[in-house]
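Please look over the sequence and the model shown here before reading the walk-through.

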Amino acid sequence: MPAPTDKNHASIREKMEALIRRKQKEITEGLESVDTVQFHADSWERGNDGGGGTSMVISNGSTFEKGGVNVSVVYGNLTPTAILAMKNDHADLKLPIDAETGLPVSEGVKFFACGLSMVIHPKNPHCPTTHLNYRYFETWNPDGTPQSWWFGGGADLTPYYLYEEDAVLFHTLHKKALDKHDTTLYPKWKKWADEYFWIKHRNEARGIGGTFFDDFNAKDPEEILKIVEDSFDAFLPSYLPIIKKRKDMPFTEEEKKWQLIRRGRYVEYNLIYDRGTQFGLRTPGSRVESILMSLPEYASWVYDHHPAPGSREAKLIEVTSHPREWAE
């Protein structure tokens with residue numbers, strides 16, 4: 001797909017920024033409706049670099065132990081080192097070469113990135129953790145003309161105890177959002193999520209998946225922006241009913257221990273494999289607190305732990321080891 005014109009680029013940047021700021025407000029208000037505490041805002045700037053963001057953070061609530069719904073809008077120079085690290089995942093990204101020396105341009109390329117990233121860790125082990133991220137990225141050539149652009153994102157669910165009706169609800173509503181635009185997207189992005197959220201050294205998935213896509217510029221940017229908006233709109237109806245149903249369920253100390261063990265898997269994945277975490281930590285002037293917001297407050301690692309055969313814990317491991325089709 002050819003890059004948009006400079007004017008269209010500016011329009012997409014402005015519309016995506018407006019969308020993520022609107023959705024940050026909607027999502028935090030929706031989540032507050034099932035808790036006794038509210039999110040608090042923590043705004044930040046990148047110092048000498050361009051842009052900043054607002055982290056909406058919740059902790060020690062009646063329902064949510066820790067969570068964040070973060071918006072970032074950043075721009076500046078992407079170094080040659082960062083470009084080389086990203087090229088495997090983003091085919092259109094180019095490393096500019098000096099015509100006289102034949103060497104990479106030392107200042108790299110100018111970039112713009114904005115997105116909303118969210119992770120919510122509930123207290124009750126019968127409530128699933130959830131993650132959502134939608135983002136837009138673009139770069140310019142040294143002469144100021146557009147070079148590359150893409151959208152990425154998705155939403156996924158990480159239960160500690162499997163309730164099949166919850167998995168069906170989450171996947172079905174996200175499928176419906178994508179089917180409005182292109183019925184080939186959900187099967188492709190569901191499979192991508194199953195593969196992307198795979199913990200290779202454990203040979204199991206982080207959760208039960210959802211959708212994931214990256215480096216997406218195969219449609220008109222205005223159409224992709226609408227796909228992202230409809231995907232955003234699917235989130236609260238797919239998650240809040242689950243939380244309302246599960247948040248007050250009684251649980252045992254052993255069930256809480258299992259939740260902490262599974263959170264340990266979440267930490268392993270995010271620190272070792274997650275592309276967004278790696279990109280954030282490589283970006284000059286990035287804010288570490290916002291990047292590592294995805295980690296739970298409490299987690300556990302038990303040596304050589306295996307759930308008892310036939311247990312509810314073993315049932316979860318079965319579906320995280322062998323991804324299933326959930327959407328209706």
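The model is a predicted one. The crossing in which H3 passes H5 is right-handed. On the H3 side, the residues that meet H5 are Glu 165, Asp 166, Leu 169, Phe 170, Leu 173, His 174, Ala 177 and Leu 178. Their counterparts in H5 include Ile 227, Ala 234, Phe 235, Pro 237, Pro 241 and Ile 242, as well as Asp 230, Lys 245 and Arg 246. Sorted by class, this contact consists of 11 nonpolar, 3 polar and 5 charged residues.

Helix H6 covers residues 253–272 and contains Lys 256. Is Lys 256 buried or exposed? Its relative accessibility is 18%, and the cut-off for buried is under 20%, so Lys 256 counts as buried. The side chain of Lys 256 reaches the backbone oxygen of Lys 123 at 2.7 Å. Beyond its neighbours within four places in sequence, Lys 256 is in contact with Lys 123 and also with Glu 65, Pro 125, Phe 251 and Arg 263.

Asn 270 is placed in helix H6 as well. With a relative accessibility of 4%, Asn 270 counts as buried. Leaving out residues up to four places away in sequence, Asn 270 touches Arg 206, Thr 277, Ser 294 and Leu 295. For Asn 270 and Arg 206, the separation is 64 residues in sequence and 9.4 Å in space, taken from C-alpha to C-alpha.

The last topic is the backbone angle phi. Most residues other than glycine have a negative phi. Asn 60 has a positive phi, near 55°, although it is not glycine. Where is Asn 60 found? Asn 60 sits in the loop between strand S2 (50–59) and strand S3 (64–78). Its relative accessibility is 59%, so Asn 60 counts as exposed.

Asp 215 also has a positive phi near 55° in a residue other than glycine. Asp 215 belongs to strand S9, residues 210–216. At 22% relative accessibility, Asp 215 counts as partly exposed, because values between the cut-offs of 20% and 50% fall in that class.

Definitions and conventions:
Residues numbered from 1 in each chain as written. Predicted model: local features only at pLDDT ≥ 70, side-chain atom pairs only at ≥ 80, totals over all residues. Heavy atoms only, no water. Helix = DSSP H or I, 4+ residues; strand = E, 2+ residues; numbered from the N terminus. Buried < 20%, exposed > 50% of the residue type's maximum accessible area, 1.4 Å probe, protein only. Polar contact = N/O pair within 3.5 Å; in protein donor to acceptor, adjacent residues only side chain to side chain. Contact = heavy atoms within 4.5 Å. Left-handed = near helix turned anticlockwise from the far one by under 90°. Nonpolar A, V, L, I, M, F, W, Y, C, P; charged D, E, K, R; others polar.
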